[in-house]
Amino acid sequence: MHLSTCFKNVDQTPMINKKIENETKKLEKFFNGRVQIQWTCTKEMGKHTTVIRLLGPKIEYSSKATEGNILKSLGSAAAKMSKQLRKRKDKVKHSINRKNLDSPKNAEIHKLERSEEIEQEYIEEDVIVAA
């Protein structure tokens, strides 16, 4: 993984670098291959904007967050990127499972997995409502 950072109207401090490294490590879990992550941090009119671009073979994702604090904008942009990558991972996972639904056995397995996922969502909603 190749990491590059760019700062415009923002001082590069060790604390910001550490935050970028920590957030990048969280994004690494989605990829085994070669990817390049570009972080761009800017400050305009009192607002901090962070843009993350993730480039790899056959993929390109980006996320952008604007906050009043540079550390919050880094975290928000990383959370948006993580959400995109999680959706991609789930989409690939489910497309592999659905390719083999022609056989009755695989169709039944998929139906059971889906019902378990729905039950888990209801349980999580009940816990949130109870709290």
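Two strands count as paired if DSSP finds at least two bridges between them. Strands (E, at least two residues) and helices (H or I, at least four) are DSSP runs, numbered from the N terminus. This is a predicted model, where local features need pLDDT of at least 70 and side-chain atom pairs count only at pLDDT 80 or more, while totals for chains, interfaces and linings use all residues. Residues are numbered from 1 along each chain as its sequence is written, and side-chain values use heavy atoms, leaving out hydrogens and water.

Select the sheet to begin. Four strands make an open sheet with mixed pairing, in the order S1-S2-S3-S4. S1 (2-8) and S4 sit at the edges with a single partner strand each, so one side of each has no neighbour in the sheet. Now pick S1 and S2: they run parallel, joined by seven bridges. Look for Lys8, which stands opposite Thr42 in S2.

Next, select H1. Its buried residues (under 20% relative accessible area; exposed means over 50%, partly exposed in between, with a 1.4 Å probe and protein chains only) are Ile16, Ile20, Glu23, Thr24 and Leu27. They fall within an arc of 105° seen down the axis (taking directions from the axis to the C-beta atoms), so they line one face of H1.

Last stop: Leu85. Not counting residues up to four places away in sequence, Leu85 touches Leu27, Phe30, Phe31, Leu54 and Tyr61, contact meaning heavy atoms within 4.5 Å.
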